[in-house]
Amino acid sequence: MRRWRIEQGRVPEEALRVIRRGGVLVFPTETVYGLGGNPLDKNVIRKIFSIKERPEGKPLPLVAAHREAVLRGVAWWPQAARALAAKFWPGPLTLVLPAAPLFPQELLSDEGTVAVRISPHPVPRQLAEACGGWIIATSANLSGEPPTRDPENLSRELLRRVDGLVDGGCLEKEVPSTVVELLRGGPLRWRCLRRGAVEMEDVARVLGVDAMESGD
């Protein structure tokens with residue numbers, strides 16, 4: 001496994017070539033270390049499920065390089081999504097929305113939704129750009145183990161299974177992104193699928209309505 005220690009948030013060209021060729025990398029984000037690759041490549045998706053020992057059917061979240069990529073990747077972009085994006089992006093808020101038909105079904109939930117955010121960290125954005133606008137960015141841990149902000153605490157077994165580590169040093173936070181699903185049909189409804197770095201109360205304040213339900 002290659003390990004690239006980065007300076008000033010710039011991804012080495014060799015790491016970009018690995019991700020373009022269908023490789024899977026571990027990399028820093030604004031929250032914890034992520035694990036990812038090209039979300040348009042079914043082989044990459046299957047490899048990430050295998051690396052993490054993640055149950056099939058549990059969708060993989062994405063980081064988008066920019067707003068234009070988000071709009072190409074979703075089939076529905078309501079005013080509520082625009083308001084949340086304006087307030088919290090780039091940042092640790094993941095939105096769950098109906099997916100556009102370009103993504104493989106293996107990436108999506110059973111309801112056909114995709115989970116996406118724009119990260120303020122330059123590394124996942126550069127990797128996303130190299131893959132056409134998006135990068136899978138699930139937490140870099142085996143299923144059931146905690147995520148980490150310190151590359152020295154990454155699972156040795158996980159690192160043996162990937163193609164490389166973009167080492168950005170120890171990150172400031174160790175709280176994953178908040179995951180919010182916007183629901184279609186009728187008046188505005190939303191639910192929090194995972195509590196994280198963005199408080200639910202702040203989301204409710206932007207939307208003007210409380211969540212229907214919340215996750216852990």
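Predicted model: local features only at pLDDT ≥ 70, side-chain atom pairs only at ≥ 80, totals over all residues.
Reader: How many aromatic pairs does a search of the whole structure find?

Author: The search finds two aromatic pairs. One of them joins phenylalanine 103 and tryptophan 134.

Reader: What makes the pair of phenylalanine 103 and tryptophan 134 edge-to-face?

Author: The ring centres are 5.2 Å apart and the planes stand at 75°. Centres within 6.5 Å count as a pair, and planes over 60 degrees apart count as edge-to-face. The pair is therefore edge-to-face. Phenylalanine 103 lies in the loop between strands E5 and E6, and tryptophan 134 in strand E7, 31 residues apart.

Reader: Why is phenylalanine 103 called buried, and what of tryptophan 134?

Author: Buried means under 20% relative accessible area. Phenylalanine 103 has 6%, so this residue is buried. Tryptophan 134 has 3%, so the term applies there too.

Reader: What makes H4 oblique to H7?

Author: H4 (residues 79–88) and H7 (residues 200–207) pack at about 125°, with axes 9 Å apart. Roughly perpendicular covers 65 to 115 degrees, and roughly antiparallel begins over 145. The angle lies between those classes, so H4 is oblique to H7. This crossing of H4 and H7 is right-handed.

Reader: Which residues of H4 and H7 meet?

Author: Ala80, Ala83, Leu84, Lys87 and Phe88 in H4 meet Asp202, Val203, Val206 and Leu207 in H7. By class, the contact has seven nonpolar, no polar and two charged residues.

Reader: Which residues does a cis peptide bond join?

Author: The bond joins tryptophan 89 and proline 90, with omega about -10°. Proline 90 is in the loop between H4 and E5.

Reader: Why does glutamate 53 count as partly exposed?

Author: Partly exposed lies between the 20% limit for buried and the 50% limit for exposed. Glutamate 53 has 46% relative accessibility, so partly exposed is the term. Glutamate 53 is in the loop between H2 and E4, and its phi is near 55°, a positive value in a residue other than glycine.

Definitions and conventions:
Residues numbered from 1 in each chain as written. Heavy atoms only, no water. Phe/Tyr/Trp six-rings, centres within 6.5 Å; stacked < 30°, edge-to-face > 60°. Helix = DSSP H or I, 4+ residues; strand = E, 2+ residues; numbered from the N terminus. Buried < 20%, exposed > 50% of the residue type's maximum accessible area, 1.4 Å probe, protein only. Axes fitted to C-alpha atoms, helices over the stretch in contact; angles between N-to-C directions. Parallel < 35°, antiparallel > 145°, perpendicular 65-115°, else oblique. Left-handed = near helix turned anticlockwise from the far one by under 90°. Contact = heavy atoms within 4.5 Å. Nonpolar A, V, L, I, M, F, W, Y, C, P; charged D, E, K, R; others polar.
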